[in-house]
Amino acid sequence: MQRLASRITVTAKVSSSLRTIILKETPSSSSSWLSIRCFSAFSSQQRVKNPETEAIPGDLLKWGSLGFFRTSRFASGFKPLEPKPLDSIMDLNRAKNRSPEDLASIWDDYHLGRGHIGLTMKAKLYRLLEQRGSDCSRYFVIPLWRGSGYTTMFAQVQLPYMLFTGLEDYKARGTQASPYFTASFYTEFAESKDLVLIRGDIVFTSKLTDEEAKWLLETTQSFYLNDVRYELVECFNKEPRDFEFKDVLQALDMPIL
């Protein structure tokens, strides 16, 4: 009991000390940053959790070393077309002293759960993704397998952002369709560490699980980065009459229903 009490005291002191030096995520400003026509910004009342009463995870020291606060004020809703600067998520000065491998590991771990996805990619691949996404190939469709069938998702790729919604919602509402899932790409360490950080935010947790969102993001990237798969993206955007959805299913080893 004495040993346990000692550990609790130490943990309380550490968490209290870290709270005075780490950055907490805060909602971005209400001004819109994107004037292009795309999915409309979705907003909902934010549900704020009290970091003082929320459980302190075991990896707090690791995240805290880069200015992360794992018990940040994550919202149940999200305004996907407003920017979230990287320096509002982590301490960039501390991150500069970390190796790419260490930084990638901390970034991925930090975003586990709560409707957030953390991924990384090499700067060279990001530049290829950026080039192909801007080359009149901004849109694509991805089948998301569920049970004995699939749901078709509609993707818009316009780096440094990606947006995803259901194809049926997009057909019904067009550019007014609300995104189910958004992804932001941060290039602050592209030159110095050959590393691009990716943050995914699930807007509607009733529409996508964390695992589905991660698969969707990685699969979409594969269609832009793989030369053979990218031919399907080009066909969808430039020669839509020749596009066959069954070719996408075959590329993903999914049955044609």
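Helices (H or I, at least four residues) and strands (E, at least two) are DSSP runs, numbered from the N terminus. By that rule, this chain has ten helices and six strands. The model is predicted, so local features need pLDDT of at least 70, side-chain atom pairs count only at pLDDT 80 or more, and totals for chains, interfaces and linings use all residues. Residues are numbered from 1 along each chain as its sequence is written, and side-chain values use heavy atoms, with hydrogens and water left out.

**The chain overall**

- Buried means under 20% relative accessible area, exposed means over 50%, and partly exposed is in between (1.4 Å probe, protein chains only).
- Of the 257 residues in the chain, 44% are buried.
- The chain exposes about 13,600 Å², and carbon and sulfur atoms supply 50% of that area. Accessible areas come from the Shrake-Rupley method with a 1.4 Å probe; for residues, only the protein chains shown count as cover.
- A contact means heavy atoms within 4.5 Å. Among contacts with a separation of 6 or more, 68% join residues 24 or more positions apart.

**Nonpolar cores**

- A nonpolar core is a set of buried Ala, Val, Leu, Ile, Met, Phe, Trp, Tyr and Cys residues joined through side-chain atoms within 4.5 Å.
- The largest core has 41 residues. Those with the most contacts inside it are Phe 140, Met 162, Phe 181, Phe 185, Leu 208, Leu 217 and Phe 223.
- Helix H8 (residues 210-225) gives this core its largest share, five residues.
- A second, separate core has twelve residues, including Leu 86, Met 90, Ala 104 and Leu 195.

- H8 has 16 residues, which should span 22 Å at 1.5 Å a residue. The expected span is 1.5 Å times one less than the number of residues. The end C-alpha atoms of H8 are 23 Å apart, which agrees.
- The buried residues of H8 are Glu 212, Ala 213, Leu 216, Leu 217, Thr 219, Thr 220, Gln 221, Phe 223 and Tyr 224.
- Phe 223 sits in H8. Its relative accessible area is 0%, so Phe 223 is buried.
- Leaving aside neighbours within four places in sequence, Phe 223 touches Phe 140, Ile 142, Arg 229, Tyr 230, Leu 232, Val 233, Val 248, Ala 251 and Leu 252.
- Phe 223 and Leu 129 are 94 residues apart along the chain, yet their C-alpha atoms are separated by 9.6 Å.

**Aromatic rings**

- A pair of aromatic rings is described by the distance of the centres and the angle of the planes.
- Rings of Phe, Tyr and Trp (its six-membered ring) pair if their centres lie within 6.5 Å; planes under 30 degrees apart count as stacked, over 60 as edge-to-face and the rest as tilted.
- The structure holds 13 aromatic pairs.
- The rings of Tyr 150 and Phe 245 have centres 5.9 Å apart and planes at 50°, so this pair is tilted. Tyr 150 lies in strand S3 (residues 149-158) and Phe 245 in helix H10 (residues 245-251), so the pair ties together parts that are 95 residues apart in sequence.
- Tyr 150 has 25% relative accessibility, so Tyr 150 counts as partly exposed.
- The rings of Tyr 180 and Phe 204 have centres 6.3 Å apart and planes at 90°, so this pair is edge-to-face. Tyr 180 lies in the loop between helix H6 (167-173) and strand S5 (181-186), and Phe 204 in the loop between strand S6 (196-202) and H8.
- Tyr 180 is buried at 8% relative accessible area, whereas Phe 204 is partly exposed at 22%.
- Phe 140, Phe 223, Phe 236 and Phe 243 form one aromatic cluster.

**Cysteines**

- A disulfide is a pair of cysteine sulfur atoms within 2.5 Å. The structure holds zero disulfides.
- Cys 136 is exposed at 58% relative accessibility, while Cys 235 is buried at 18%.

**Backbone details**

- The peptide bond from Leu 159 to Pro 160 is cis, with omega near 15°. Pro 160 is in the loop between S3 and strand S4 (161-166).
- Asp 194 is not a glycine, but has a positive phi of about 55°. Asp 194 lies in the loop between helix H7 (190-193) and S6, and is partly exposed at 33%.
- Asp 253 also has a positive phi, near 55°. Asp 253 is in the segment after H10 and is exposed at 72%.
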